[in-house]
Amino acid sequence: MAGIGVKLNKIYQKNTIATSLAGFAYSTMSTVTPMLVVILNVMLMEYFLDFKTLGLVERELFSCTVLYTFIFALLTASPFNSVLSKYMSDVIYEERYEDIRPCYYLGLFMNVTLSSLVGIPFCLWEHFVGKVDVFYTFTGYCCYIALVLVFYSMIYLSISKDYQRLSLFFAIGMGWAFVFSLFLRFIVGWGIRESMLFALMTGFFLTAFLEMAVAKRYFTKNSNRYKSVLRYFAKYWQLVLANFLYILGLYVHNFVFWNTDMKLVVARTFVCNQPYDMATCLAMFTNISATVIFITRVEMHFHERYKAYSEAVIGGRGADIDNAKKEMFRQLSAELMNLARIQFIITVVVYLLAMVFLPMFGISNLTMRIYPCLIVGYFIVFIMYAEIIFLYYFDDIWGVLATSLTFCLLTFLGSVIATHLPELWYGSGLVLGAFAGWTAAYFRLRHIERRLDAHVFCKGSLLKPGMGTMPPAKVYDRTEQPVD
């Protein structure tokens, strides 16, 4: 399947304001729509089911359940995403499509197993210690597993660049969840909290089912070669750590502030920090357009330069290879600079609007004081993530691992220090970690630029490696022929 770049090029070729707006809307629908649809669905359910009439404990219990479901579903899926994506990319390149189903089944088993090992003990604690009823606890656990399945199956649609269908599936699942919540509440007579959570769970399962159906329809054959998938995990273990550390770095500052005096403990199980978590959510949404901008521009511009360089390496002259490399890195620098410029303008505008209008919707002053520093942090995070994508392009696994480790570790340490600072600087830990990760990725890209020829032409071996007895070092015997 073609990427969104083909469609965007057709939209933008008229070069008018209307087509520019249409292109931005299309790229938004193709990338961040799933997240926006889920949030909109929860807001609609809260409004029509009169969620505000519940007591504080019940409202916070539902909010924490949804929050934990998303965070830990992302964390437990993160160790598998990068390795499986690389495996599928290699398999598709080699046209071994029959190997994708074994990858799907084995990865699904590993992901669900890890998620269950994390979720079951927590749910037991929630029920026996937090005294939360069995039905609500089990529904929350099923919602968590359903979201794990959704995130896992998203890999197979994303690797095929089928973003539109992915967005459609989320829209169908969340549309069903909204209607079903109304049915459970007003027809069956369930409670507000139970209706919302159960309907959300069924919506996630429906989305996962649609994703799985499409994946199985595209890849119909099964080679039953499971060992090759396991060998990829052993060979590219750096990717497992790198992706996990990156996702952990996005939330580790929240975990730090969950253990401060500002924390709120719900049902002796869930821990959160309302002002900081809300500020984090607002800051992330303020900069979420960076994802749309970057994916759009990479699909439209950089990918063509990368393809031209690859073709020059295969059959071009030395001068052609050098010129293609220079053009590619020139485009890479331009994409990073354009992303920073455009996103900076958007962030400033959204920040000013937020400071004016958000207090009118009941956002606390404490949240608004934490918000600015976190905006800066997530602005740098998304720029850093763009560099990580470029590192993936050049197969620099160690560079990605170093960037993710630097980002996660310094975000954690900086957040611990920030807990002792004034409220305005609570987000400085994220700023420190993101800037350190951005710096590590930047110098790694410069290193790749200088050594790309060695990386491309001097990597590999002439003889196929294998296990066995080492051949003798003697190649031939020299004998002297008698002279007549």
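**View 1. Helix H5, end to end.** H5 covers residues 100–128, in a model that is predicted. Helices here are DSSP runs of H or I with at least four residues, numbered from the N terminus. What span should the 29 residues of H5 have at 1.5 Å a residue? The expected span is 1.5 Å times one less than the number of residues, so H5 should span 42 Å, and its end C-alpha atoms agree, at 42 Å apart. There's also a kink of about 25°, centred on Ser-116; a bend like this is the angle between axes fitted to the seven residues ending at a residue and the seven starting there.

**View 2. H5 meets H8.** H8 (residues 192–218) packs against H5 at an angle of about 150°, with the axes 10 Å apart. Axes are lines fitted to C-alpha atoms over the stretch in contact, and angles run from 0 to 180 degrees between N-to-C directions. Over 145 degrees counts as roughly antiparallel, so that's what H5 and H8 are. Arg-101, Tyr-104, Tyr-105 and Leu-108 of H5 make the contact (heavy atoms within 4.5 Å) with Met-212, Ala-215 and Lys-216 of H8.

**View 3. Glu-211, tucked into H8.** Glu-211 sits in helix H8. Is Glu-211 buried or exposed? It's buried, because its relative accessibility is 0%, and buried means under 20% relative accessible area (1.4 Å probe, protein chains only).

**Notes.** Numbering starts from 1 along each chain as its sequence is written. Local features need pLDDT of at least 70, side-chain atom pairs count only at pLDDT 80 or more, totals for chains, interfaces and linings use all residues, and side-chain values use heavy atoms, without hydrogens and water.

Terms used
Helix = DSSP H or I, 4+ residues; strand = E, 2+ residues; numbered from the N terminus. Parallel < 35°, antiparallel > 145°, perpendicular 65-115°, else oblique. Buried < 20%, exposed > 50% of the residue type's maximum accessible area, 1.4 Å probe, protein only.
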